[in-house]
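Have a look at the picture first, and then read on.

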Amino acid sequence: QVQLVESGGGLAQAGGSLRLSCAASGSISSMAAVMGWYRQAPGKQRELVANIISGGSTNYAESVKGRFAISRDNAKNTVYLQMNSLESEDTAEYYCNAVWITYRGTQTYWGQGTQVTVSS
């Protein structure tokens, strides 16, 4: 079993910055194929914010391009999300996601979520 533990959420003012971290631990024998961040605001569906594959290619939601940056440390099985120029619309619960591809198939794990609140 794999556990994803997030940290770094909290309260920020509009225009400010926050950095989220997510560390994977447990039964890990290889790098995650994909690590990423999703978010869910009250009354809305969970949406992809950004993800990064093991080779380093990244993918961002249009709403965060140019403001957020995702990175990962494969040696530490950790993914980061640097959030700059925060807007009130970024307020949501942020969830870490990681996908491993093994001989048993695709295995997807989620963190417990960390709240990000941006005040205007």
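This is a predicted model: local features need pLDDT of at least 70, side-chain atom pairs count only at pLDDT 80 or more; totals for chains, interfaces and linings use all residues.

Which side chain meets Arg 67 in a salt bridge at 2.7 Å, N to O? That partner is Asp 90. The two come from distant parts of the chain, 23 residues apart: Arg 67 is in the loop between E6 and E7, while Asp 90 is in the loop between E8 and E9. Asp 90 also counts as buried, since its relative accessibility is 1%.

Arg 67 has another partner to find, as it forms a salt bridge with Glu 87, where the closest N and O atoms are 3.8 Å apart. Glu 87 sits in the loop between strand E8 (78–83) and strand E9 (92–102), and Arg 67 in the loop between strand E6 (58–60) and strand E7 (68–73), so this pair ties together parts that are 20 residues apart in sequence. At 34% relative accessibility, Glu 87 is partly exposed.

For another stop, turn to Glu 62 and Lys 65, which form a salt bridge whose closest N and O atoms are 2.7 Å apart. Is Glu 62 buried or exposed? With a relative accessibility of 60%, Glu 62 counts as exposed, whereas Lys 65, at 45%, is partly exposed.

How many salt bridges are there by this rule? The count comes to five.

Definitions and conventions: Residues are numbered from 1 along each chain as its sequence is written. Side-chain values use heavy atoms; hydrogens and water are left out. A salt bridge is a side-chain nitrogen of Lys or Arg within 4 Å of a carboxyl oxygen of Asp or Glu. Buried means under 20% relative accessible area, exposed over 50%, partly exposed in between (1.4 Å probe, protein chains only). Helices (H or I, at least four residues) and strands (E, at least two) are DSSP runs, numbered from the N terminus.
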